[in-house]
Amino acid sequence: MGGEITLGHYLVLSGALFLIGLAGVVLRRSLLVVMMSLELLLNAANLALVAVGRFQGIPDPQVAVFFVITVAAAEAALGLAILVAIFRIKKTTAADQMASLRF
Amino acid sequence: MEQIFFWMLAAGLLISAVTVVAVRNPVTNAVCLVSALVFQAALFITLEATFLAAVQVIVYAGAVMVLFLFVIMLLDVRVEVLGKFSWPKIAGVGLVLVLALVGLPKLSSAFPFAGEVLHWGRAKVPGTAQDLGHLLFSAYGPLFLTTGVLLLVATVGVVVLCRRDTEA
């Protein structure tokens, strides 16, 4: 490594962030932490989009990131509402307790 | 200068992200997620996307994280108990990690323009609110309006989901 910072550096950073978030989604049991990891995944994609837009000289990825942030806010609100509704019934936020629909 | 800032911010972002995933206390998770989001906003500034950096801090680190902390407070979540230690799961994660360490730099260097060097002040697209606003209200106007409808639907949905059915 070392030397100048290139687009490749930002893409590797974004990939690493995505992997960390993915590990959180796969490994953690608390639904709250799974949702936080989902936010990390979205942020990794945002970082890659902004970096590519900056280096290629097109402004459209920034608009896309703007929409992603908006939709992520709506997603977080709805997901947390579902979480609260489930918690009222099950008294837990562990993902492996929610198997009522399992066959 | 670009190097110093990139490496510092990248290290901060990755350390905060690992803490979000690895620590078992939900309040610590939330606070570390806030710091990860702020580091990401700083990285946006190094990419000269200043408006997005501001939006990131206001919407993500502000609104979304307050929502998370409210839910943590509301649910009185305890420290998560450890699950069963399953070897296939650990092996799978390890395999993906090794593949990623080898594959990520290769994959990203295969990307066109991947070798382009970052110089501050030479961005061909200034990311100010004015430029983005112009795009949002011209080319992306219909999408912008649709997003408004989406937010309205989400708000109504949350209210319906969280209503108690005692008075109905």
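The model is predicted.

On chain B, 69 residues are in contact with 59 residues of chain A. Several elements of chain B give two or more residues to this side: α1 (2–22), α2 (26–46), α3 (50–75), α4 (87–109), α5 (129–137) and α6. The largest share comes from α3(B), with 13 residues. By class, the chain B side that touches chain A has 52 nonpolar, eleven polar and six charged residues.

Now take one pair of helices across the two chains. Two packed helices are described by the angle between their axes and the distance between the axes. Here the pair is helix α3 (residues 60–90) of chain A and helix α6 (residues 141–162) of chain B. Their packing angle is about 10°, and their axes are 9 Å apart. Angles under 35 degrees count as roughly parallel, so α3(A) and α6(B) are roughly parallel to each other.

Which residues make the contact? From α3(A) they include F67(A), T70(A), V71(A), A74(A) and A85(A). From α6(B) they include L143(B), T147(B), L150(B), G157(B), L161(B) and C162(B). The contact of α3(A) with α6(B) has 16 nonpolar residues, three polar ones and no charged ones.

Finish with A85(A), which lies in helix α3 of chain A. Leaving aside its neighbours within four places in sequence, A85(A) touches L161(B) and C162(B). Both of these residues belong to the α6(B) side of the helix contact.

Terms used:
Residues numbered from 1 in each chain as written. Chains lettered and ligands numbered in written order. Predicted model: local features only at pLDDT ≥ 70, side-chain atom pairs only at ≥ 80, totals over all residues. Axes fitted to C-alpha atoms, helices over the stretch in contact; angles between N-to-C directions. Helix = DSSP H or I, 4+ residues; strand = E, 2+ residues; numbered from the N terminus. Parallel < 35°, antiparallel > 145°, perpendicular 65-115°, else oblique. Contact = placed C-beta atoms within 7 Å. Nonpolar A, V, L, I, M, F, W, Y, C, P; charged D, E, K, R; others polar.
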